[in-house]
Amino acid sequence: MTDESPETKPEKLPKTKTALEDLVLAELRAGCAGAVHVTVVAYDDYRVGATWEVASCNAGASAPEDCERALCDIVGRLQQHFDIAP
């Protein structure tokens, strides 16, 4: 956990739920071409810097374990750059 002051903490861009789902799914399909759908939900926990998370994923023809591993990396990285828009 980092101690970033408000002055050094980068601003996150707001994105709608649908835009986040599209972004996550596009990146997921780079490694899991058969992935069909992801569901993004708002996440409200003051102890965590993220405002959203992926609640479910339909791996389609891809291996579910591979998609789950990829999602962990993708979501963690994108949560650093984007907040869910109200």
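**Notes on the predicted model**

1. Glu21 is buried, with a relative accessibility of 10%. This is a predicted model, and the remarks that follow should be read with that in mind. Glu21 sits in helix α1. Its side chain makes a polar contact of 2.6 Å with the side chain of Lys17. Setting aside neighbours within four places in sequence, Glu21 is in contact with Val38, Thr39 and Val40. Glu21 counts as buried because its 10% relative accessibility falls under the 20% limit.

2. The largest nonpolar core has 17 residues. Those that touch the most other members are Leu20, Val24, Leu28, Val38, Trp52, Leu71 and Leu78. At least two residues of this core come from each of α1, β2 (37-42), α2 and β4. Helix α2 gives the most, with five residues. As background, nonpolar side chains in soluble globular proteins tend to be buried together.

3. Which residues does Trp52 contact, leaving aside neighbours within four places in sequence? The list runs through Leu20, Val24, Val40, Val41, Ala42, Tyr43, Val75, Leu78, Gln79, Phe82, Asp83 and Ile84.

4. How many salt bridges does a search of the whole structure find? The search finds four.

5. One of the salt bridges joins Asp83 and Lys12, with the closest N and O atoms 3.7 Å apart. Asp83 is in strand β4 (residues 82-84) and Lys12 is in the segment before β1 (13-15), so the pair ties together parts 71 residues apart in sequence. Lys12 is buried, at a relative accessible area of 19%, whereas Asp83 is partly exposed, at 21%.

6. A salt bridge between Arg77 and Glu27 has its closest N and O atoms 2.3 Å apart. This pair links distant parts of the chain, with Arg77 in helix α2 and Glu27 in helix α1 (residues 17-31), 50 residues apart. Both partners are partly exposed: Arg77 has a relative accessible area of 37%, and Glu27 has 26%.

7. Asp66 and Arg69 form a salt bridge with the closest N and O atoms 2.5 Å apart. Both residues lie in helix α2, three residues apart, which is about one turn of the helix.

8. Ala63 is placed in the loop between β3 (52-58) and α2 (64-79). Ala63 is partly exposed, with a relative accessible area of 30%. Its C-alpha atom is 8.5 Å from that of Gly34, a residue 29 positions away along the chain.

Terms used: Residues numbered from 1 in each chain as written. Predicted model: local features only at pLDDT ≥ 70, side-chain atom pairs only at ≥ 80, totals over all residues. Heavy atoms only, no water. Helix = DSSP H or I, 4+ residues; strand = E, 2+ residues; numbered from the N terminus. Buried < 20%, exposed > 50% of the residue type's maximum accessible area, 1.4 Å probe, protein only. Salt bridge = Lys/Arg side-chain N within 4 Å of Asp/Glu carboxyl O. Polar contact = N/O pair within 3.5 Å; in protein donor to acceptor, adjacent residues only side chain to side chain. Contact = heavy atoms within 4.5 Å. Core = buried A, V, L, I, M, F, W, Y, C linked by side-chain atoms within 4.5 Å.
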